[in-house]
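Hello,

Here is the structure we talked about. Please look it over, then read my notes below.

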Amino acid sequence: TGVQTCALPILTQCAAVQLGCARAEIALGRCDGAMRTTAAVIRAEPGNVRAYAARGHALCLKLDFDQGMKHVREGLRLDPDHAECASLFRRMKRAGAALDRGRTAAGTRDFEAAAIAFTESLDAAQAPTHSPFTAAVLAQRANARLRLKEYDAALVDCAAAIASQEDHKPAYFTQSTALLHLGKPQEAADSLKFLLEMDPGDETVRRHRSEERRVGKECRSRWS
């Protein structure tokens, strides 16, 4: 009985250390690692509210809002007064709703509304700089701004998305297109060349690069 009495505090201390590591991983945008860590804590301590909150946060930052919000809600079910969980729930709910509005607006070609909604999503989430969420939403806003012919603003978002996640392909595609519209075919080519070097077998990148070369030649012939 004495051993059992001591076991729970020790387990809780281990969980606290693990959750500290998970939060550090989330802050660095390393959501996969945080998800593995929090899953282990939940298996060991099914009633650990902070573990559900951290795992829900990591899932949302991986753009899996359905599963993410389920975990956060479970944390609130366990402790309705848990301040961290309640705050996270409100933030992620607003961020997810705004992201959905942005995608819907982009799908109906209302790119001005889309750009506004993506900004609202970024503001609500307060996501780490290097998270998949940050890169994806910045890239989607960049594409909306590209369609609005706000090429310089699109490039700013593309650069931020690439700084967030260096291998985020949509940001490179939008970046190269914006550069072409600004009369910078060589820079557009360099953007796609870098992406192709990261993934030489990607046929989508190859198609984009072929199209960029064709458009670039037309631009150069007009200017010469």
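**What I found**

L63 lies in the loop between helix 3 and helix 4. Helices (H or I, at least four residues) and strands (E, at least two) are DSSP runs, numbered from the N terminus. L63 is partly exposed, with a relative accessible area of 30%. Buried means under 20% relative accessible area, exposed means over 50%, and partly exposed is in between (1.4 Å probe, protein chains only). L63 is not a glycine, yet its phi is positive, about 70°.

Some ground rules. This is a predicted model, in which local features need pLDDT of at least 70 and side-chain atom pairs count only at pLDDT 80 or more, while totals for chains, interfaces and linings use all residues. Residues are numbered from 1 along each chain as its sequence is written, and side-chain values use heavy atoms, with hydrogens and water left out.

**Overall**

The protein chain has 11 helices and 0 strands. Of its 224 residues, 46% are buried. Contact means heavy atoms within 4.5 Å. Take the contacts between residues at least 6 apart in sequence: 52% of them join residues at least 24 apart.

**Other loop residues**

R109 also has a positive phi, about 65°, although it is not a glycine. R109 is in the loop between helix 5 and helix 6. Its relative accessibility is 58%, so R109 counts as exposed.

R30 sits in the loop between helix 1 (2–27) and helix 2. R30 is exposed, at 53% relative accessible area. R30 and A58 are 28 residues apart in sequence. In space they are 8.4 Å apart, C-alpha to C-alpha.

**Helix 4**

Helix 4 covers residues 65–78, which is 14 residues. From first C-alpha to last it reaches 20 Å, close to the 20 Å expected at 1.5 Å a residue. The expected span is 1.5 Å times one less than the number of residues.

Which residues of helix 4 are buried? They are F65, G68, M69, H71, V72, G75 and L76. These cover an arc of only 155° around the axis, which puts them on the same side of helix 4. The arc is that of the directions from the helix axis to the C-beta atoms. On the other side of helix 4, D66 and R77 are exposed. The buried residues pack against helix 2 (31–44), helix 3 (49–61), helix 5 (83–107) and helix 7 (132–147).

**Helix 6**

Helix 6 has 15 residues, which should span 21 Å at 1.5 Å a residue. Its end C-alpha atoms are 21 Å apart, which agrees. Its buried residues are F111, A114, A115, A117, F118, S121, L122, A124 and A125. They pack against helix 5 and helix 7.

S121 deserves a look. It lies in helix 6 (residues 111–125). S121 is buried, with a relative accessible area of 0%. What does S121 touch, leaving out residues up to four places away in sequence? Its contacts are A95, A98, L99, F133 and V137. After helix 6 comes Q126, whose phi is positive, near 50°.

**Helix 7 and helix 9**

Helix 7 and helix 9 (residues 169–181) pack at an angle of about 25°, with their axes 9 Å apart. Axes are lines fitted to C-alpha atoms, for helices over the stretch in contact, and angles run from 0 to 180 degrees between N-to-C directions. The two helices are therefore roughly parallel to each other (angles under 35 degrees count as roughly parallel, over 145 as roughly antiparallel, 65 to 115 as roughly perpendicular and the rest as oblique).

The crossing of helix 7 and helix 9 is left-handed, meaning that the near helix is turned anticlockwise from the far one by less than a right angle. A139, A142, N143 and L146 in helix 7 meet P170, A171, T174, T177, A178 and H181 in helix 9.

**Helix 10**

Helix 10 (residues 185–198) has 14 residues, which should span 20 Å at 1.5 Å a residue; its end C-alpha atoms are 20 Å apart, which agrees. P185, A188, A189, S191, L192, L195 and L196 are its buried residues. Seen down the axis of helix 10, they fall within an arc of 155°, so they line one face of the helix. On the other side of helix 10, Q186 and E197 are exposed.

Best wishes
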